Amino acid sequence: MCTGVSYTTKDHYFGRNLDLEFSYHETVAVTPRNFPFEFRKTEALPRHHAIVGIATISDGYPLYYDAVNERGLGMAGLNFPENADYKPEAAGTTNVTPFEFIPWVLGRFETVDQVVAALNDVTLVDISFSEEFPLSPLHWIIADKNRSVTVESVKEGLRVYDNPFGVLTNNPTFDIQTFRLNDYMHLSTYPPENHFSKDIAFDTYSRGMGAIGLPGDLSSASRFAKAVFTRMNSVAGDSESESISQFFHILGSVAQQRGCVHVGGDDKFEITIYSSCCNTDTGVYYYTTYENSQITGVDMHKEDLDSSEVVDYPLVKGQRLSMQN
Ligand SMILES: C[C@H](CCC(=O)NCCS(=O)(=O)O)[C@H]1CC[C@H]2[C@@H]3CC[C@@H]4C[C@H](O)CC[C@]4(C)[C@H]3C[C@H](O)[C@]12C
């Protein structure tokens with residue numbers, strides 16, 4: 001499972017947790033403006049916005065999991081099993097494969113409004129990248145400083161939902177996730193008040209009791225409620241340090257610790273492989289990994305963004321301890 005988040009202080013930040021039991025050899029990949037993006041069923045983009053994000057590179061092609069472009073638009077793919085339904089090619093529409101969807105959107109557009117307008121005409125087609133990388137069932141969060149949306153290709157067609165929470169997890173479909181938030185409207189960051197019975201003398205014996213009932217398990221619907229609560233109530237200063245610290249704390253509220261989620265077999269567990277936070281205004285992509293709590297950054301603007309070669313950095317894994325004596 002995964003969690004994606006969009007959050008604004010002075011700048012806009014976009015990132016995600018990637019939760020899985022194995023790694024696909026992710027790298028931080030910067031795709032410059034002149035890398036020729038070919039698409040299977042629609043026009044190539046020989047020149048486009050530059051992109052930074054995490055990708056697996058296969059045959060020179062960056063298969064992005066999540067990324068941000070130089071105009072401040074971010075997009076992440078999250079698992080959506082059983083619900084994702086990709087279509088046969090449809091004449092008269094723009095046919096984009098799921099693995100091309102991030103480059104196609106981030107290569108062309110600057111705002112969510114522009115993306116939403118273009119999606120009217122898009123079909124997500126059921127074409128795999130390769131035998132090694134077959135189609136994966138995904139849905140997407142797309143966000144800029146002012147707006148977030150969720151995009152789902154389901155049996156009934158392509159659905160685009162406004163996402164005023166700036167949060168996406170996994171199943172069920174986004175309309176149901178949103179509806180289920182109603183169950184939590186009584187939760188509060190303030191101490192609780194007695195609405196239970198005037199005849200009982202209650203004791204607020206601990207801080208934080210206003211949010212008793214907020215789920216703490218790692219299921220997708222629970223992570224959605226938890227991350228929305230944390231994200232909507234978040235308070236952060238405007239500096240880069242305060243903003244990215246807060247962002248990683250929001251993601252930390254729904255991170256997965258090894259041992260807590262079995263995924264088949266006795267010794268297979270889902271963990272948060274990486275957490276990312278990209279400042280979409282400055283194009284700096286920060287991340288931590290399961291075993292490296294130190295924040296590592298890649299600044300897209302330190303690369304030659306007019307070149308035609310993808311530049312990629314392997315994730316720095318393993319703790320970098322700072323000893324004080
Ligand atoms: C598995 C991940 C979601 C994490 C998650 O939610 N895990 C729950 C597992 S479980 O449901 O709980 O068991 C998703 C998120 C992004 C995906 C890549 C996107 C690019 C590319 C698209 C190609 O078409 C197929 C290969 C490709 C490299 C994709 C592999 C994989 O699909 C990635 C890593």
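The model is predicted, and every value given here is computed from it. The largest pocket has a volume of about 670 Å³, while the second largest pocket holds about 470 Å³ of space. Helix α4, which runs over residues 220-233, is largely enclosed by the rest of the structure, because 10 of its 14 residues are buried.

**The largest pocket**
- Of the 29 residues that line the largest pocket, Y24, Y64, Y65, S136 and L138 are the closest to its centre.
- At least two lining residues come from each of the strands β2 (12-20), β5 (61-69), β6 (74-79) and β9 (138-143), and β2 gives the largest share, with four residues.
- By residue class, the lining of the largest pocket consists of 20 nonpolar, four polar and five charged residues.

**The second largest pocket**
- With about 470 Å³ of space, the second largest pocket is lined by 15 residues, of which P192, E193, N194, H195 and M209 are the closest to its centre.
- The lining of the second largest pocket divides into seven nonpolar, six polar and two charged residues.

**Helix α4**
- At 1.5 Å a residue, the 14 residues of α4 should span 20 Å, and the C-alpha atoms at its ends are 20 Å apart, which agrees with that expectation.
- The buried residues of α4, meaning those under 20% relative accessible area, are S220, A221, S222, R223, F224, A225, A227, V228, F229 and R231.
- The elements that cover these buried residues include the strands β1 (2-8), β2 and β12 (167-168), together with the helices α3 (174-180) and α5 (240-252).

Note on methods: Residues are numbered from 1 along each chain as its sequence is written. This is a predicted model: local features need pLDDT of at least 70, side-chain atom pairs count only at pLDDT 80 or more; totals for chains, interfaces and linings use all residues. Side-chain values use heavy atoms; hydrogens and water are left out. On a 1 Å grid over the protein atoms alone, a cavity is a set of points where a 1.4 Å probe fits but cannot get out, and a pocket is an open set with protein on both sides within 12 Å along at least five of seven lines; lining residues have an atom within 4 Å of a point. Grid points are joined across faces, edges and corners, and a volume is the space filled by probe spheres set on the points. Ala, Val, Leu, Ile, Met, Phe, Trp, Tyr, Cys and Pro count as nonpolar, Asp, Glu, Lys and Arg as charged, and the others, Gly among them, as polar. The expected span of a helix is 1.5 Å times one less than its number of residues. Buried means under 20% relative accessible area, exposed over 50%, partly exposed in between (1.4 Å probe, protein chains only). Contact means heavy atoms within 4.5 Å.
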